[in-house]
Amino acid sequence: MVDAALNALATFASPLRLGLLLVGVLAGLVVGILPGLGGIVAISLLLPLIFRLDPPTALATLTGALAVVYTADVITSVLVGTPGSPAAAPTAMEGHALARQGQAARALAAAFLSSVAGGLLGVVGLTLSIPVARPLVMLLGSPELFSFTVLGLAYAGSLLGRSPLRGLLSGLLGLLLGLVGPAPAAAEFRYTFGQLYLLDGLSLEVLALGVFGVAEVVSLLARGGAIARQAGLGGGWWDGVRDVLTHRWLVVRGALIGVWAGILPAIGATAASWMAYGHAVATSRDRDRFGRGDVRGIVAPESANNAATAGDLIPTLLFSVPGGPAAAVILGALYAYGVYPGPRLIQDHLDLVYVIVWSFSLANILGAAVCFALSPAVARLTHIPFAWVAPPLLVTMALGAYQTTRHAGDLLALLLLGLLGWAMKRSGWPRAPLLIGFVLAKPMERYFWLTVKLHGWSWLGHPGVLAIAALIVVPPLVAAVRRARAQSRPTPGRGVGAPATDTRPEPVAVFMAAVAVLAFGLGAGQGLGFQYDARLMPLLASVPGLFLGVVQLARVVRGEPVGPVDEEGVDDDGSPQRPRVQAELYGFGVVAAYLLGVWLVGFHVASFGFVALLLWQAGKVRPPLAVLSAAAALACFQLLAAGFDLRWPTGLLLR
Amino acid sequence: MRRAGALVLTVVLVWALASSAGAPYYAGKVVEIVVPTSPGGPSDILVRAIAPYLEKHIAGNPSVRVRNMPGGGTILGSNWFALNAKPDGLTLLAAPVGSTIAYIVRNPAVRYDFRNFKLVAVSGSGAVFYVSPRTGVRRAADLPQARDLVMGSPSPPGNVLTAIVAMDLLGVNPKVVFGFEGVGPARLAFERGELTLDFQSTIVYVTQVQPLVRAGRAVPLMTLGYLDERGRVVRDPAVPDLPTVYEVYQQIHGRKPDGLLRWKAFRALFAAGWVYGRGLWAPGGTPPEVLRELHEAVDRMNRDPDFQRDVAQRLLEGYALHRGDRVEAVVHRNLQITLDVVKFIRDLMRDKYGQEI
């Protein structure tokens, strides 16, 4: 085995291979940085290469692209609060909060370093698992897989935020959104409203982009000024490095969660990130800083999502069952070479396995190095007026969202989910449970039905299930006991907003609660009409949701204060809310007008007009310069689209 | 001077005209193949593997690009093709099995009609049934006596319809558990012992299941079979030692199934979903000379030893890649199912498995 590993390493002595690995890494980095584009874009761009290169070189290129996406997505997440990929959403919360406190450098350093550590730990896991994973995975039947999805949901419990009611509602709404599309266990398409676009369900990319990205851009635009409120890059790089060293065991635990999530089918990097984040919150004694810029909320998920990528490769290589969409492409590439992963792979093609292992490791290190090199320059973005950053950012988001199905529905979904995210943010609903509910809804439903139909109720006694149940039940009990002990000592209480002086109902909060009640009502109403095997989960999500939603609606109508509106808390500066809401609504109108424009007159005309107008009006750039900048930006997008084979809407009116 | 100039101009014009007349239609053009799934699946990889050979063998060497348009369970991309592709031979559709099944069972979302398309090339695949030794089944004819047959499936419809209809034809009533994420996870559940009957395409059978057979953990039973050029059922060329469903029916019932509604339903799904399951289509009005160019490229490709080694052996599993015009009539005939057969399939799924498709 050592021989094979060393031989595989020797294959990288060729400058061509190393060069192409770097090409893969660069493609992965670009795709990671650009919000809305996932690893699958980079890898399908490189896919034609596999028919022209020898297997080791092609695998090195593909693996290189795959390995670094979750390292580079940190940059966008930290600097502009828009997740570069759905798996970076926790970093977009915590990292961006730090960036606004002027600590972008620290957040970036911690994120890159934990990413590379997670990637390397993941690949160690991959290598070690080769001899043992097969019997291990064979132990995981449907009941164990179902229990794991419940465990994931239980981790979300620690992310409910200040108001458990709103947290629960958010999670249930996520579940409901995750159920749109084909039911896993029955021939039923749910909540599609006759729209072909919804037949496959909502895309995770568009959801993450809308709920976190659009909402953040609108807030930042409305507030004006630069992203960072303090001058200077702050704490600096060494602080981030020190953070990772301090929390080294959290990094390791994050990587373990990631590898595990990767091995499990249907649970990918996004679920891994949130589970690791939930784990970080649950195991921390002082939780006050979470949501307002806590570095522990960066290192755990960043380690986990890179490790999950390596974990995805385990079922791919051992069973020919891809662990995720990007791993499916690697599998396809192997097929194209006449290499069939599975029981015989280890005997027949151990060399290729090690090529993948080494490429993954090298790419992780190279990727992080490039990111570190880029960062001082890009971190300065947080100090220029946001109105200069926003136009190209929004154009990228629209372009990215449109790549998911290349259907005008992508743009509409982005807009509506953006509105949802913004309303949630403004009414103090935590958005993390929404995303977790969304990614776990279908796996949970799938494995529930498989479990019940294959095992009846006997599965409740399986040792694996009992062990996972203990994992779900014991930590909250321990925490409760700990808290009970702590309560005997007086602790400095945290002021949750000023005492409410204004008891008029908050319009956005009322809107949000009303939307939720409507959604759950519709969910329950339609849910009753589904086939038996497709009905349970929709009703489980929407009936409690309806009750809780009505309670929430009653509360806000009576004028319950929303509390600190930003999850980051840093916006809670006592400035009057209503004018800000108006400014944000205006910003929202701008975004809506742009997306509508893209749909009507096509990407080019709309983007040009939007960038130029926004730079002139909001960015206070002189008109000639604004037009010139817009033209330059458009040229950049043209290059990008040509390079990555992206498409854009041609416009309904200009066809 | 002016006359000399006119002469030069004439020469240039004549030369330009002559060369444009002589240049192949596809010279300098871009052919886009629409694949209505995400990148990386078997049908996508197959198209991508064929693309460089199309570039090489279409006269004029156009560049061939793959355009993935996933969504709507492969219907979105196929609909897009039907509504938007110009009949100039520059946009082709690689229809995966999902689009074909949705078409033959008359899914209301389908806006495409294969009768309006021209077939460029088509290839197929087969599938193998196998059971766990625990069932006591040693050969396919034992199936009707077997109890505790549990089969897994992704959510219906889809290609497992073929397996379900096959079982119904043979008078076997396995329990079918829906909800698997794909056929891969179902195979793992078989290995774990959660399922006792499974059904996989031949390539997966040969590479993943045969090791289990050798270890005594799986018993191969039968194949779907294959169709020869005249539409007769023959043994699967990739697994010729196993009997076909057609043969097993005769072993069990002592007569041929031809004419039965059950057989018609099985044969329709088996032909459309498997034997002609991978079609490359051009829009209906494509000029005949352009189609001829494409068809000849398929011939040249089939003669190319590199293509035989890299694509035919590895990805087509040895099944032939047919030139579209030769089999078009047969394929079109197999894609049209009468309403009574569609109704039979729907009723079977509803009455036996409670699934409305």
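The entries below follow the order in which I looked things up.

**Entry on the model.** I noted at the outset that this is a predicted model.

**Entry on Glu194(B).** I looked up the place of Glu194(B) and found it in the loop of chain B that runs between α6 (183-192) and β8 (197-201).

**Entry on its contacts.** Which residues does Glu194(B) touch, leaving aside its neighbours within four places in sequence? I found Ala189(B) in its own chain, and Gly141(A), Ser142(A) and Leu454(A) in chain A. I also checked Val331(B), which is 137 residues from Glu194(B) in sequence and 38 Å from it in space, C-alpha to C-alpha.

**Entry on the domains of chain B.** I recorded two domains in chain B: domain 1 (28-124 + 276-336) and domain 2 (127-272). Their C-alpha centres lie 27 Å apart. The contact takes 13 residues from domain 1 of chain B and 12 residues from domain 2 of chain B.

**Entry on the domain 1 side.** Which elements of chain B give two or more residues to the side of domain 1 that touches domain 2? I found α4 (97-104) and α12 (324-335). On that side α4(B) gives the most, with 5 residues. I sorted the residues of this side of domain 1 into 8 nonpolar, 4 polar and 1 charged.

Technical notes: Residues numbered from 1 in each chain as written. Chains lettered and ligands numbered in written order. Predicted model: local features only at pLDDT ≥ 70, side-chain atom pairs only at ≥ 80, totals over all residues. Helix = DSSP H or I, 4+ residues; strand = E, 2+ residues; numbered from the N terminus. Contact = placed C-beta atoms within 7 Å. Domains from an automatic or database assignment. Nonpolar A, V, L, I, M, F, W, Y, C, P; charged D, E, K, R; others polar.
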